[in-house]
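Reader: I have a few questions about how the terms for this model are applied. Could you walk me through them?

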Amino acid sequence: MVKDQEFLETKASYCLGLAKKLGATDSSVIVKNSISETVNFRNKKLDESNRSDDLGLSITTYIGKKKSSISSSNLLNDNLNILIEKCIETTKNTPEDEFNSLPDRDLFAKEVKDLNLYDETHIENNQKIDYLKKLEAAASNDKKIVNTESSFTQNKSNFVLANSEGFCDGYKTSSFTASSVTVAKDEKSMERDYEYSSKCFLKDLDDADELGNLAANQTIRKLSPKKIGSEKIAIIFDKRIAKGVLSTFASAISSSAISRGTSFLKDKVNQKIFSDKINVFDKPDMLKGLGSRNFDSEGVKTDTLKLVDQGILKHYLIDTYNGKKLNLKSNGRCGGTSNLYFENGNISFKDLLNSNSKSLYITETIGHGSNIVTGDYSVGATGFLIENGEFKYPINEITIAGNFKDMFQNITLANDLEFKYATNSPTMLIEEMVVAGK
Amino acid sequence: MSNFFEKSDVSRKEAESIISDTLQKCDDGELYLENSKSESILLDDNKIKNSSYNSDLGFGFRAISDEVVAYSHSNEISKNSLKQSSENLKSTLKSVKGTYNHEIPKSNKKYYDNINPIEQKSLNEKIKILNDVNDYLRSKGDKVKQVTANFLGEQKSVEIIRSGGETLSDVRPLVRFNVSVMVEKDGRKETGVYGVGGRQSYDSYLKDENWKSVCDEALRIASVNLESKPAPAGEMKVVLGPGWPAILIHEAVGHGLEGDFNRKKTSAFHNLMGQKVASEGVTIIDDGTIDNRRGSLTIDDEGTPTEKTVLIENGILKNFMQDRLNARLMKSRSTGSGRRENYRHIVLPRMRNTMMLSGKQTQEEMIKAVDKGIFAVSFGGGQVDITSGKFVFNCTEAYEIVNGKIGSPIKGATLIGDGPSILKEVSMVGNDMMMDPGIGTCGKAGQGVPVGVAQPSILINKMTVGGTKL
C-alpha cells in the first residue's frame, strides 16, 4: 500500500519545522510515494516482473531572496537533519534573485475537488498475466508477427505538498497501463509498431484482444516500405504524432522560455499564430483525466485556460518565478500543462484524407528535431502514401521539415479527438511541407 | 566506500543469507546497493537559478530463472523490505527452476580515482566560475542575448552481493560542465551549446580558466548558425567531422549490436554475425577501459570488469555487447556491458565508449571528393528504430560542400539513414580519430546512462538530408 496522507504530512511538517528553526524565512516541501508493479510478456511467455516502491522528498528553502533545494530518497530523520542543514548552508551562499518567492497567498488552491483520479482496485500479478496472455494471443495471431512484447503496469501514488505559508494538501492517483509492441517480418523487411492504453481506472482499460489486434495490424501494414522522392507535399499526422505538435507549442509558451527570450512565440499574445478555426484548451479538472490536477506543483489553483481562441494566442503557461519576472500572475502552470488538447475540427477523418489528391500519412517520427528558439522542425518519419483518400503503400527513411510558424498557420483538424493521453489532438493535416527522400 | 548496512537493522550476514536463500534455485541474480550524491548548479539569465543537491539510497534485488527476470527495488535498506522483495521475487519465479551460473572474472584495474568531485570544490568557487562564464560571454558583444551554464557533479557508490556472499564494489565520480549561448542579429536568434566532462574532478576541466575554451566554442557555433542558410533536402554525400559526430555510429550500429535485441531477434543485425556489415577499413570497438572517460567503468553494474570489445573488425561483425543474462542465453560471455541508470532499474546490455578507429585518409581529401553534399561538424541528439534499422540525428553545425569546397553554413537539419547499410556506404576513413568532449547520455527503455563516442572524419556516399530547400 502507498503511504497514507498522515505519514506524508508528518514528514513534510518535520522538514518545514526544521528549516524554520535553522533560519529559513520560507520553505516548501513535497513528499511522494509511488508503488508500481509491472509484468512483462515476450512471445506469449512471462519475461519479467518488476516491483518498485519509491519514496522521495524534495525541499526548497528561502532566506529572503536566496533559494536552494535538496532531494532525497532516504527519509530517516537522521538523514533529513543533515540534508536540511546542508540546504540552509547552500541557501546562505547562493546569490539573491529578486524574483524568488513562494506563490502569492491569494493564489493557493482552496478547495480540492475529487477528480476521480484514484481507483482502489488492486490487480494481482496473476490477473495481469491473464490479461497479457489474451493480449499476446491476439497480437501474434498472424504468422507475419515474429516477436511480441507486452506489458501491464499498475501504479499507485500519493503525495503531499506543503509550505511555510500554511498550504498543505495532496491526494492519491492511480494508473493502469497496458502496451504491446510487435515485430512483423516479410522477405524484404522487418518492422515494429505498438499500441497502448493507460487509464486511471482499471475497468476503463482497453480490451486485451483489441489492443493486441491493433498492435499487430499497425505493424503488418508497415511491411515492405518504399522510399519516395524529395518533394513538397501535404502531411497528415496520425493522432499520436499530432499531439507532439501541441507539446512543442506548450514548451514554446512556457513562461520560462518567454522570460528568457528563447521562444519563437515570445510577444505573440493576442496575435494570430494558428489558422482561424484552431482552439486550444488546457483543462485541469477533467474527471479521470490523465493530466488532471487540483493545483500545480507550487500549490497554485489551476483554472481551465483557452490558450488559443480562433487562432489567436491568449495565454502563456505561467509559474510564480517567471510570472514575477514578466509582471504576470501565475496561472497555475508550474510543471506544465494538465489535459491539453486541440478542439475538434469540422471535417471527418475520411474527408481529411481526401482533401488532397496525394498526401503522406505519418505514423511515427524519430529524432529531436523541434527547435523552440527558431521554430525550425526536421525529423525522420515513417508512414503511408495516400492517393485519392486511399492508403497506397508504406514509406520510410524520409524526413519532413518546415517551421512551426508556417506549420501552425496551415493546420486543418479532423473531428476525431479522443482523450488517450494527457495531451491530445485530432488527426492533423498540414499543407505544404518538405519531404526529403531519394 | 559506503557501508550500506551500518545504519540498517539488517546485518551484512543476514542480508547475505536472504540473498542466498532467494537465489538458490535461480540461474542468476544479485542484490545491488547504491548510494549516490549529486549536485546541480545552474546559472541562467544572469542569475544563479538553481543550486540543488540530491542524495539517493536504495537497493535492487534481482532473480533470474531461464529467460524470466524478477526485480524488486526499494529505498529502505531494512530487514523487512529485503524480505518483502525476496517474497516478491519468489512469487514470480515459483514455477521455474534453473541451475546457478556463477563466474565473474577478477581484475584489479581501475579507470578512475575514488574521489567525491562535489566536495573538492566549494559552492562559492563554482558560483564564481559560472558568473565569470556569464560575464565573459556577455562581454563578447551585444549579439549575446542569453547565457546558461551549469555544473553537474556526482559520486555513486555501488555494491553487488551475489549468492554465497561474493561482493564487488565501485565508487564512480562523474562531472559535467555545460555552456549554452543564444545570439541575436537582425531579429534572428540562434543557439550554440558546448560542454566537457568525465570521471574526474571539476579541476581537470576548469583550471587556469580553460572554461574559456568551452565558452568560445559555444559562441562560435551560435555565431556560425546566425549566418546559416536553409539546408538542402534529398540524398547526397555527407562528410562527418571527427569526435562527437560518432553518435552516428552509436545510433546506426551501436544499439543494433546490443545483446538483448539480438537474442530477441528484433535487431536488424541479429543474423549477420561473421558477415561483412561495413566497408573494408571500418573497425568499431566499445571500450569501457579508457581512463577517466564518461563512458568508462571499472566494473559494470553486475560486477563484471569492463573490457575493450571489438564489434566490427575491418568490416566484419565480430561481437555483440553482452550482459550476463543475454550472454548466458546466447551461449556467449558477458563483455562487461551490463548497465543500469540506478537501483530502480533492471540491467540491460549498453554501450560504454563506442569508437570507430582511424584510417588513412585526410579530411581534405574527403571534402575534395564531394561535388554536392554537406559537411557535418556537430550534432544534437540522435535516435534509432532498432527493428527497421532506420536512424536519425540532428546537425547543430553543418556546411554545404560545393565542387570540393566547404561553402555556407546550413540550418539544423535531420539526417536519416539505414543502420545495416550505412557502414557499407563509408568510402573514406580519416586519420584523425578524436574522442567526444564527454557529454553523452544514452537513453534506452527509459534509462539514461553516461556514454562516450569517438571517430575520425568519414565520408558517407549517400544519406538523406532533411532540409527545406528542394
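Predicted model: local features only at pLDDT ≥ 70, side-chain atom pairs only at ≥ 80, totals over all residues.

Reader: How do you know that chain A is divided into domain 1 and domain 2?
Author: Their bounds come from an automatic or database domain assignment, which gives domain 1 as 5-220 and domain 2 as 225-438. The contact between them takes 20 residues from domain 1 of chain A and 18 from domain 2 of chain A; two residues are in contact if their C-beta atoms, placed from the backbone, lie within 7 Å. Residues are numbered from 1 along each chain as its sequence is written, and chains are lettered from A in the order in which they are written.

Reader: What makes strand 3 of chain A and strand 2 of chain B a pair?
Author: Two strands (E in DSSP, runs of at least two residues, numbered from the N terminus) pair if DSSP finds at least two bridges between them. Here strand 3 (residues 66-72) of chain A and strand 2 of chain B have four bridges, in the parallel sense, so they meet the definition. A:Ser71, for instance, has B:Asn54 in strand 2 of chain B as its bridge partner.

Reader: And what does strand 2 of chain B bring to the contact with chain A?
Author: Ten residues, the largest share of the chain B side, come from this strand (residues 47-65). Overall, the contact takes 64 residues from chain B and 58 from chain A.
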